[in-house]
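Hi there,

Here is the structure I promised to pass on to you. Have a look at it first, and then read on for my notes.

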Amino acid sequence: MIYPRGAWVFEISRHARAKACQKMITQDMINQTLASGEMAWFGKNYVRFRRRYGRRSVTCVGERKQGNVIKVMTVGWGV
């Protein structure tokens, strides 16, 4: 699925969706994290989104593929 955020378009991998389901992270939490979470670049093409939910946070790690498309590879709980 593809989700827009300003100039960026997100594509969530099947692996990330399956891992999020195992870790009890809902699709709404992922969407909110990508829409309004902190965005931090690391490396040349990798980006991390993080949004707090109470005492924990949801972290989404993605890779910039081409142009303005970011493919989310991993979703998990942060500290």
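Below is what turned up in the core, the cysteines and the aromatic rings.

Please keep in mind that this is a predicted model.

Let me start with the inside. The largest nonpolar core has 15 residues, and those that touch the most other members are Ile25, Ile30, Leu34, Phe49, Cys60, Val72 and Val75. At least two residues of this core come from each of strand E2 (8-12), helix H1 (14-22), helix H2 (27-36), strand E4 (46-53), strand E5 (56-64) and strand E6 (69-78).

Setting aside residues up to four places away in sequence, Val72 touches Phe10, Glu11, Ile12, Ser13, Ala16, Leu34, Cys60, Val61 and Gly62.

Strand E5 also holds Thr59, which is buried, with a relative accessible area of 16%. Beyond its neighbours within four places in sequence, Thr59 is in contact with Arg48, Phe49, Arg50, Thr74, Val75, Gly76 and Gly78.

A disulfide is a covalent bond between the sulfur atoms of two cysteines. How many disulfides does a search of the whole structure find? The count is zero. Cys21 is in no disulfide, and the nearest cysteine sulfur, that of Cys60, is 15 Å away.

Finally, the aromatic rings. The structure holds three aromatic pairs, and here are notes on two of them:

- Trp8 and Trp41 have ring centres 5.6 Å apart and planes at 55 degrees, so this pair is tilted. Trp8 lies in strand E2 and Trp41 in strand E3 (residues 38-42), so the pair ties together parts that are 33 residues apart in sequence. Trp41 is partly exposed, at 38% relative accessibility.
- Phe42 and Tyr46 have ring centres 5.9 Å apart and planes at 25 degrees, so this pair is stacked. Phe42 is partly exposed, with a relative accessible area of 30%, and Tyr46 is partly exposed too, at 39%.

Note on methods:
Residues are numbered from 1 along each chain as its sequence is written. This is a predicted model: local features need pLDDT of at least 70, side-chain atom pairs count only at pLDDT 80 or more; totals for chains, interfaces and linings use all residues. Side-chain values use heavy atoms; hydrogens and water are left out. A nonpolar core is a set of buried Ala, Val, Leu, Ile, Met, Phe, Trp, Tyr and Cys residues joined through side-chain atoms within 4.5 Å. Buried means under 20% relative accessible area, exposed over 50%, partly exposed in between (1.4 Å probe, protein chains only). Helices (H or I, at least four residues) and strands (E, at least two) are DSSP runs, numbered from the N terminus. Contact means heavy atoms within 4.5 Å. A disulfide is a pair of cysteine sulfur atoms within 2.5 Å. Rings of Phe, Tyr and Trp (its six-membered ring) pair if their centres lie within 6.5 Å; planes under 30 degrees apart count as stacked, over 60 as edge-to-face and the rest as tilted.
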